[in-house]
Structures are given as structure tokens and as C-alpha cells.
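Biologist: I am new to this structure and would like to learn how its features are read. Could you take me through them slowly?

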Amino acid sequence: MKRGLAALLATIALLASGVSIAAHHSFAAQYDSKKPITLKGGIARIEWANPHIYFYLDVADANGATVHWAIEGGAPSTLYRAGWRKDSAKVGDVVTVNGFLARDGSKLVNMQRALLADGRNLFVGNSSYYQKGH
Amino acid sequence: MPARIAVAICALLWLAAPAAAQTAAPPDMSGFWINQYTPDLSVVLGKQPPFTEFGAERWRTVDTAKDPTAICLPVGPSRGFTAPFPFILVQHDKMISIMFEYQAIWRAIYLDGRGHPDDLADYPYFMGHSIGKWEGDTLVVDTQGIDERSWLDTAGHEHSAKLRLTERFKKTGPDTIQWTVTYDDPIYFTRPWSIERTFTRGKPGDRVLPYTCNENNKDVEHLMPFQPNLNYKHVPETKKPGGD
């Protein structure tokens with residue numbers, strides 16, 4: 001767990017430094033690195049598609065109502081090479097997502113970590129495939 | 001059209017330059033190669049590139065929500081080789097083809113001695129028009145006619161239609177290629193500048209995977225203006241006696 005936390009903090013530090021995490025566009029044009037969020041809920045749908053995967057969570061709010069959240073992950077090819085498959089998680093699986101809120105106020109989160117009940121960090125890319133750029 | 005004539009002359013001179021008596025067969029660079037992910041070229045350079053006043057102002061005010069690849073426009077030759085996606089290089093005597101996973105896009109490098117088309121400025125392409133030659137064991141590629149809508153990196157370094165890329169590919173081992181790229185753009189930069197990256201061979205059986213950018217590009221609906229460099233202060237380079 002300590003390692004996981006250290007990795008999360010390192011990721012936050014990376015994002016806070018303004019370095020983009022995606023090749024597609026800059027992180028900060030879409031997400032706010034000052035607005036971390038944790039969500040727990042059941043997976044409603046998975047979109048294993050380019051340029052980035054999305055999955056959707058049904059999360060109970062304080063009043064017991066169900067709120068539908070969109071979670072954005074990495075590129076399918078990157079995730080595939082890290083060992084993930086489109087059926088690595090199934091509809092109904094409960095997952096705890098740590099990530100950052102979209103700047104436009106929509107119920108959208110860029111995932112940094114998505115912990116399944118069995119302890120797997122769902123759809124976490126293997127950045128070691130690419131040598132560090134700097 | 002003096003500009004066109006100048007371009008044609010430059011290309012001819014470039015082709016006529018010492019073709020380094022090619023005796024041995026050039027090294028085989030075919031294969032599946034993995035990029036070094038480089039979202040911000042200035043980090044590798046160790047500083048911002050030598051901006052002109054215009055280039056500096058563009059950098060200061062760049063809005064990264066307007067990244068062309070965010071709306072799935074092609075990546076351009078610079079980002080093709082610096083994004084976190086691999087590519088396949090196919091080498092023939094008269095042509096080298098690069099097939100990039102990122103945006104499933106290609107580059108053709110003509111090695112048959114041709115120059116650049118004289119109407120290239122009227123018909124630019126995002127990946128540019130590339131002609132190459134072997135200088136000993138190094139492949140040297142000259143690329144012009146690069147659509148000015150492409151960016152040089154994810155951080156938001158831009159270029160003009162006058163950008164000229166000179167790339168040098170040199171095998172430094174059976175599984176590594178050293179790629180040196182020089183950016184020459186008199187509109188954005190006061191002088192050419194270069195960075196160096198390494199391509200590493202993939203594992204046997206590695207394959208290029210799909211990158212169909214328009215398939216599910218929901219991000220574009222959520223992009224908000226973001227100008228990270230508004231506090232950038234341009235300090236023009238001072239010329240040292242004797243130059244550098």
C-alpha cells in the first residue's frame with residue numbers, strides 16, 4: 001500500500017508540474033490537478049476504444065441517489081501492452097477510482113488508480129514500455 | 001516565384017552534397033521500434049528553443065486546448081517519433097516507409113534522388129515531404145512542406161510552413177537507432193536547434209495496434225482554454241563573439 005501511495009503521490013507531483021500525461025493533448029486543458037477525487041461504485045459500461053478508454057461508474061451520493069460518472073483511462077494499445085484486456089473488468093464490478101476532476105464541471109474523472117475488490121489496479125498503464133522522455 | 005526556385009535550388013544542392021561514396025550496403029533499420037516519449041522538447045533541450053520575437057509570443061500565449069491532435073488532426077513528423085506509441089520501419093533501396101501506430105499514419109522517405117516538388121508550398125501535408133540519402137551508415141532525411149497546423153510536441157511548441165526538418169538516423173547497436181532531429185524555422189526560431197532521441201527495438205512478435213482517433217474522441221467536448229505560459233519572459237540570445 002505504501003508503494004501504491006508513493007506512486008499516486010508521484011503521479012500527482014508529475015501532473016502538478018504541468019507535464020502532460022497523454023500524447024493526444026495536454027492534461028491540464030481537460031482536468032484540474034488541484035481537484036483530486038475518490039469515487040467508489042459499480043461499473044456500468046466499459047468503452048475499450050481510441051484514443052482513450054472510458055468506463056462508467058454508478059456511484060451512490062450522500063442522499064442515496066445514484067450518480068453516473070465517466071472515468072477516462074489510457075490508450076487501448078498502451079493498456080493492452082500492460083496486460084489489460086477489454087474484459088479485465090466486468091459490468092457490476094465494484095471499483096474505487098482515484099483521479100482528477102474535469103475542469104468543465106462535468107461528472108468526468110481522469111483515473112490515476114482504479115482499485116478492484118481483488119486488489120488489482122485496473123487499467124493502469126505500463127509506462128516502462130516507453131523509455132522516459134527526459 | 002523566386003521562393004520556389006530557391007527551394008528547388010536548395011534541394012538540388014542538398015542532394016548533390018557529398019553522397020559519401022556509398023560502398024558498403026547501408027545498415028538495415030527495418031523493424032518494430034519504440035519511441036522515447038517526449039511531450040516537451042524544451043525539457044530535452046534544457047531550455048526553450050531560440051525563439052524569434054514572434055515565436056516567443058506564440059509560445060507565451062499558446063492554448064493547449066487547441067492541440068491539433070486533440071481533434072485527431074495528424075501528428076506531424078516531430079510528434080510521430082516522440083509520442084508514446086511504436087512504429088514500423090520498412091526499408092527498401094529507393095524508399096523507406098514509416099508506419100506509425102499513433103493515428104495510424106505514415107511517412108514515405110524517398111531515396112531515389114528526387115528533390116521536393118516545386119508546388120510543395122501549395123500542397124503541404126501534415127507529415128511533410130521527405131527525401132533521404134545515406135551518408136555512410138547514417139540515413140539523412142530532409143523534410144519540408146509540413147502543414148503549419150501541426151505542433152512539434154504536446155507542450156505546444158508550434159512551427160510555420162517554413163519549417164525544415166533534418167533528421168539523422170544512425171544505428172548504435174543491433175536494437176537501437178539514434179535519431180537526431182534539427183528544427184530550422186526562421187519564422188519561429190533565430191537559428192536551427194537539435195535534439196537527440198533513441199529508438200529501441202521491440203520484442204519479437206510485437207505488433208502495431210489500432211489507433212482510430214475519431215472512434216471515441218469524447219475528450220474534445222471537455223477541453224477548456226488553458227494557457228500555461230502566460231508568465232513566460234522572452235530573453236533573446238546574445239550573440240557571442242565568433243558565434244557558436
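This is a predicted model: local features need pLDDT of at least 70, side-chain atom pairs count only at pLDDT 80 or more; totals for chains, interfaces and linings use all residues.

Biologist: Let us begin with the layout, then: how many helices and strands does chain B have?

Modeller: Chain B has 4 helices and 9 strands, and when these are read along the sequence they follow the pattern α-β-α-α-α-β-β-β-β-β-β-β-β. Of the 244 residues of chain B, 48% count as buried. Among the contacts in chain B with a separation of 6 or more, 62% are accounted for by residues 24 or more positions apart.

Biologist: Which residues of H3(B) are buried?

Modeller: The general idea is that an α-helix has 3.6 residues a turn, so residues three or four places apart point the same way. In this case the buried residues of H3(B) are Gly55(B), Ala56(B) and Trp59(B). Seen down the axis of H3(B), these buried residues fall within an arc of 100 degrees, so they line one face of the helix.

Biologist: And which side chain does Arg60(B) meet in a salt bridge?

Modeller: In general, side chains of opposite charge can pair when their charged atoms come close. Here Arg60(B) meets Glu57(B), with N to O at 2.9 Å, and both residues lie in helix H3 of chain B, 3 residues apart, which is about one turn of the helix. Arg60(B) counts as partly exposed at 25% relative accessibility, and Glu57(B) is partly exposed as well, with a relative accessible area of 40%.

Biologist: With which residue does Arg58(B) form a salt bridge?

Modeller: Arg58(B) pairs with Glu158(B), the closest N and O atoms being 2.9 Å apart. Arg58(B) lies in helix H3 of chain B, whereas Glu158(B) lies in the loop between S6 and strand S7 (164–173), so this pair ties together parts that are 100 residues apart in sequence. Arg58(B) counts as partly exposed at 35% relative accessibility, while Glu158(B) is buried, with a relative accessible area of 13%.

Biologist: How should I read a disulfide, and how many does a search of the whole structure find?

Modeller: A disulfide is a covalent bond between the sulfur atoms of two cysteines. The search over all chains finds 1 disulfide, and this link joins Cys72(B) to Cys213(B), with an S to S distance of 2.0 Å. With -75 degrees about the S-S bond, the link is left-handed.

Biologist: Which parts of chain B does the pair of Cys72(B) and Cys213(B) tie together?

Modeller: Cys72(B) lies in the loop between helix H3 (53–61) and helix H4 (76–80), and Cys213(B) lies in the segment after strand S9 (193–201), so the pair ties together parts that are 141 residues apart in sequence. Cys72(B) is buried, with a relative accessible area of 14%, and Cys213(B) likewise counts as buried, at 7% relative accessibility.

Biologist: Now for the boundary between chains: how much area do chain B and chain A bury between them?

Modeller: The size of an interface is often given as the accessible area lost when the parts come together. For chain B and chain A that area is about 3200 Å², 51% of it on carbon and sulfur atoms. In terms of residues, 46 of chain B are in contact with 35 of chain A.

Biologist: Which salt bridge does Lys218(B) make with Glu47(A), and where do the two residues lie?

Modeller: The count between chain B and chain A is 2 salt bridges. The side chains of Lys218(B) and Glu47(A) meet in a salt bridge at 2.7 Å, N to O, and the pair crosses between chains, from the segment after S9 of chain B to strand S1 of chain A. Glu47(A) counts as buried, at 15% relative accessibility. Arg45(A), Glu47(A) and Lys218(B) are linked in a network of salt bridges.

Biologist: Finally, where is His52(A) found, and is this residue buried or exposed?

Modeller: His52(A) is found in the loop between strand S1 (31–47) and strand S2 (54–60) of chain A, and this residue is buried, with a relative accessible area of 9%. The side chain of His52(A) makes a polar contact with the side chain of Glu72(A) at 2.7 Å, and another with the side chain of Asp219(B) at 3.1 Å.

Key. Residues are numbered from 1 along each chain as its sequence is written. Chains are lettered from A and ligands numbered from 1 in the order in which they are written. Side-chain values use heavy atoms; hydrogens and water are left out. A disulfide is a pair of cysteine sulfur atoms within 2.5 Å. Buried means under 20% relative accessible area, exposed over 50%, partly exposed in between (1.4 Å probe, protein chains only). The arc is that of the directions from the helix axis to the C-beta atoms. Contact means heavy atoms within 4.5 Å. Buried area is the accessible area (1.4 Å probe) that two parts lose on being put together, summed over both. A salt bridge is a side-chain nitrogen of Lys or Arg within 4 Å of a carboxyl oxygen of Asp or Glu. A polar contact is a pair of N or O atoms within 3.5 Å; within protein, one must be able to donate a hydrogen and the other to accept it, and residues adjacent in sequence count only if both atoms are side-chain atoms.
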